[in-house]
Amino acid sequence: MFQLNKTSHLLTVTPDLLLVDIKKNLAAEGLFWGYHPLDEIHYSINHYLKRRIPNLYYYKYGSLSDVVNSAEVELLDGKTFHFKDAPRSAIGPDFNRMMIGGRSNFGKFKAVTLIVNAMPEKTSHGILYIDSKQQARQILRDLMGYFIQPLYFKYIDLDTTDTLMSDLKIKTAATECV
């Protein structure tokens, strides 16, 4: 199942769909899902839901349970239950967060409604060369203090920067980015 509501930017899928296929179908519609796991993207959505694999885009879109609007779950006793999204100010348990990462201990997902976003017209990237992880942490704290929410951060060693630059199709001249 792949039911897209372009007006409300909600996508309902069965958990057996592969993440890579969902991303391709959404890109064809000019949309994307603000979740990219710190894992391979060639698994089913169920794989990520059961394990609550962290989101690389956490700083911009939130955790996996934040980008899942609602879920239909078959409980262990065979009953079907629909978890709906509630306002963040609501009091009481957040069943979506309980099920996501529950490793099927409470039930299994039958359908999941995801919050999708319009594909940005333009993106910009920045690469900072920082001498140490300690300095990188301080810069991250400062950026967050100024309410600058980057898409993601990654600290890499200098010996892997050439691979990164070629992957990003950035030309380098000596030690500077062009």
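I'll begin with a hairpin: strands E4 and E5 form it with 4 residues between them, and glycine 78 in the turn has a positive phi of about 95°. This is a predicted model, where local features need pLDDT of at least 70, side-chain atom pairs count only at pLDDT 80 or more, and totals for chains, interfaces and linings use all residues. Residues are numbered from 1 along each chain as its sequence is written, and side-chain values use heavy atoms, with hydrogens and water left out.

Helices (H or I, at least four residues) and strands (E, at least two) are DSSP runs, numbered from the N terminus. Two strands pair if DSSP finds at least two bridges between them.

E4 pairs with E5, residues 80–83, in the antiparallel sense over 4 bridges. Valine 73 stands opposite phenylalanine 81 in E5. E4 also pairs with E6, again antiparallel, over 7 bridges; there, valine 68 has leucine 114 of E6 as its bridge partner.

Now the core. A nonpolar core is a set of buried Ala, Val, Leu, Ile, Met, Phe, Trp, Tyr and Cys residues joined through side-chain atoms within 4.5 Å. Buried means under 20% relative accessible area, with a 1.4 Å probe and protein chains only. Which members of the largest core touch the most others? Of its 26 residues, they are Trp33, Tyr35, Leu49, Leu64 and Phe109. Elements supplying at least two residues each include E4 (68–75) and E6 (107–118).

Phenylalanine 109 touches, among others, Leu49, Ala71, Val73 and Met99, leaving aside residues up to four places away in sequence; contact means heavy atoms within 4.5 Å.

Overall, the protein has 6 helices and 8 strands, and 29% of its 178 residues count as buried.

Key
Buried means under 20% relative accessible area, exposed over 50%, partly exposed in between (1.4 Å probe, protein chains only).
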